[in-house]
Amino acid sequence: STPDAAFRIEFFANDAADPSDNGEGQIYLGAITTGPTDPITGDVSFTAILPVTLGPTQVVTATATDPGGNTSEFSAVQTVEVIAGADLAVSQTDSPDPVTVGDTLTYRITVTNNGPATATGVTLIDTLPGTINPAAVSSDHVFVQQGFVLTFFLGSLDAGAFTQVNVTIHAPAAGGLTNFVRVAANELDLDGSNNSDTSITT
C-alpha cells in the first residue's frame, strides 16, 4: 500500500462468502481511519472495535480507501467469533436534596444489566464526597472501604435484572457534595457511556 498514508477501512457483514471466498458489502458495520502507514513498507497495524451485533454464522469483510479516494476490492472473509457481552448501567438518586448540615444523606444506587448476556463479577465502586467523615458511612450491602472509596462485590446479574444499593453519609458542611459511582463486570460491556454516574447534592 501507499507509504506514509492513512487509510479508511470500512467493514461489512455477510451471510456467506462469495465463490472466491471474498466478501461482499451486504451490511455496512462501520469504519475506522488508520494511522500513517510505514514510510518504507507501506504496512500498518490497527484495531477496530465496532458497536454491532453479528450472528454466529456471518462473516466479515473490509475495504481500504487511500487518501486519493481509491478503494480496494473486498477482502477475504473472516469468520465471526461471538463474545458474550453485557451492557451494565448505573444511576443514582440522592435524598434529601438539599440536605441540612449534620443530617443524613442517602444515595440510592441502581445497577442494571441490559443484556444480552448475564453479567458476572459485578463490581460497584462509590467514590464519596471528600469532606465527609468516612467512619460514619453505612450501607445495606457489605462493602470494602478505603478512605472515601467503597467497593461492593455484587456477584452475577441476569440480563434484564437490576439491584439497588443504599449508601448513607452525614452532611458535613454547607456546599455541594459530589458522589461518583461506576460499575464493571467480567464480560465485554457493549456500551461504556452508562457505566458511571455523578450526583451533586446542595
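I began with Leu-124 and listed its contacts, leaving aside neighbours within four places in sequence: Val-90, Ile-109, Val-111, Leu-150, Thr-151, Phe-152, Leu-154, Val-165, Val-181 and Arg-182. I note that the model is predicted.

Next I looked up the core. The largest nonpolar core has 24 residues, and Leu-124 is one of the four that touch the most other members, along with Ile-109, Val-111 and Val-167. I then checked which elements give two or more residues to this core, and found strand 5 (86-95), strand 6 (104-116), strand 7 (119-127), strand 10 (149-157), strand 11 (162-170) and strand 12 (177-184). Strand 6 gives the most, with 4 residues. Another core lies apart from this one; I counted 10 residues in it, including Ala-5, Ile-9, Phe-11 and Ala-62.

I turned to the aromatic rings. I found 3 aromatic pairs in the structure. For Phe-12 and Phe-74 I read 5.5 Å between the ring centres and 85° between the planes; planes over 60 degrees apart count as edge-to-face, so this pair is edge-to-face. The pair links distant parts of the chain: Phe-12 is in strand 1 (residues 8-14), and Phe-74, 62 residues apart from it, is in the loop between strand 3 (59-65) and strand 4 (78-79). I checked accessibility for both: Phe-12 is buried at 10% relative accessibility, while Phe-74 is partly exposed at 30%.

Phe-143 is partly exposed at 23% relative accessibility, whereas Phe-152 is buried at 0%.

Last, I noted one aromatic cluster, formed by Phe-12, Tyr-28 and Phe-74.

Notes. Residues numbered from 1 in each chain as written. Predicted model: local features only at pLDDT ≥ 70, side-chain atom pairs only at ≥ 80, totals over all residues. Heavy atoms only, no water. Core = buried A, V, L, I, M, F, W, Y, C linked by side-chain atoms within 4.5 Å. Buried < 20%, exposed > 50% of the residue type's maximum accessible area, 1.4 Å probe, protein only. Contact = heavy atoms within 4.5 Å. Phe/Tyr/Trp six-rings, centres within 6.5 Å; stacked < 30°, edge-to-face > 60°.
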